Amino acid sequence: MIELKNVSRCYYLGGEEIRALNQVSLTVEDGSFLALVGPSGSGKSTLLNLLGGLDRPDHGEILVDGQAIHKLSDKQLARYRREKIGFVFQTFHLIPAYTTYENVILPLQFTTLPGKEKQDRALAALKTVGLADRLRHRPNQLSGGQQQRVAIARALVNHPQIILADEPTGNLDSKNGAEIVNFLKGLSQQGITIVMVTHNLEMAAKAKRTVRLKDGKIV
């Protein structure tokens with residue numbers, strides 16, 4: 001379970017304080033599919049970064065399975081991200097010179113898993129997203145939808161409990177976007193918690209629950 005308790009995050013621009021999040025409290029059950037919606041600057045990506053341990057709150061608490069991640073050291077946060085979190089981004093972030101397989105296995109190169117297990121995990125993740133026949137293709141040989149599925153396979157390879165998806169359909173047409181969101185929905189039905197940021201209300205409607213943010217607050 002994810003719990004946010006009165007979480008605030010402030011930034012300073014030109015000497016002016018900007019409250020990206022303002023006293024946000026939220027609970028996300030295990031296996032939920034949550035969509036975060038709202039206008040640009042409402043705090044959606046800030047909230048996602050806090051959940052992923054990429055940023056820290058100025059005030060409040062963030063608990064994941066009872067663990068206070070806002071109190072973790074940088075080294076502990078890196079382990080938290082490696083073991084519990086999978087990230088999916090709008091722009092895929094695939095390495096152009098790497099094959100599909102090499103992009104997916106990359107996160108495992110920083111673990112102490114045996115080589116055979118790394119290979120098996122990468123192949124299993126690609127099979128899960130339906131790309132087992134595209135192992136040797138490079139990103140420029142894949143469609144946008146296929147590239148995003150490679151990114152999802154990369155997110156799955158560490159067997160995360162939570163996937164954080166920031167505008168995962170933003171660079172896709174409506175057909176491929178719907179396929180990606182339906183795939184994420186299927187992962188939530190398998191017990192993986194999905195938190196997705198989107199501007200697309202049609203895609204948000206596919207989630208089990210929608211939370212709207214405005215000016216750093218849940219409305």
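Begin by selecting Tyr11, Leu13 and Ile18 in this predicted model.

Next, keep Tyr11 highlighted and display the secondary structure. Tyr11 belongs to strand S1, which covers residues 2–13. Its relative accessibility is 31%, and Tyr11 therefore counts as partly exposed; that class lies between buried, under 20%, and exposed, over 50%.

Now turn to the largest pocket, whose volume is about 350 Å³. Select Arg81, Ile85, Phe87, Pro107 and Asn158: of the 14 residues that line this pocket, these are the closest to its centre. Then colour helix H2 (74–84), strand S6 (85–89) and helix H5 (144–156), the elements that each give two or more residues to the lining. Which element gives the largest share of the lining? Strand S6 does, with four residues.

Eight of the lining residues are nonpolar, three are polar and three are charged.

For the next stop, select Gly115. This residue is found in helix H4, which comprises residues 115–128. Is Gly115 buried, partly exposed or exposed? Gly115 counts as partly exposed because its relative accessibility is 43%.

How values were computed: Residues are numbered from 1 along each chain as its sequence is written. This is a predicted model: local features need pLDDT of at least 70, side-chain atom pairs count only at pLDDT 80 or more; totals for chains, interfaces and linings use all residues. Side-chain values use heavy atoms; hydrogens and water are left out. Patches are made of residues with over 30% relative accessible area and no salt bridge: like charges are joined within 9 Å, nonpolar side chains (Val, Leu, Ile, Met, Phe, Trp, Tyr) within 5 Å. Accessible areas come from the Shrake-Rupley method with a 1.4 Å probe; for residues, only the protein chains shown count as cover. A salt bridge is a side-chain nitrogen of Lys or Arg within 4 Å of a carboxyl oxygen of Asp or Glu. Buried means under 20% relative accessible area, exposed over 50%, partly exposed in between (1.4 Å probe, protein chains only). On a 1 Å grid over the protein atoms alone, a cavity is a set of points where a 1.4 Å probe fits but cannot get out, and a pocket is an open set with protein on both sides within 12 Å along at least five of seven lines; lining residues have an atom within 4 Å of a point. Grid points are joined across faces, edges and corners, and a volume is the space filled by probe spheres set on the points. Ala, Val, Leu, Ile, Met, Phe, Trp, Tyr, Cys and Pro count as nonpolar, Asp, Glu, Lys and Arg as charged, and the others, Gly among them, as polar.
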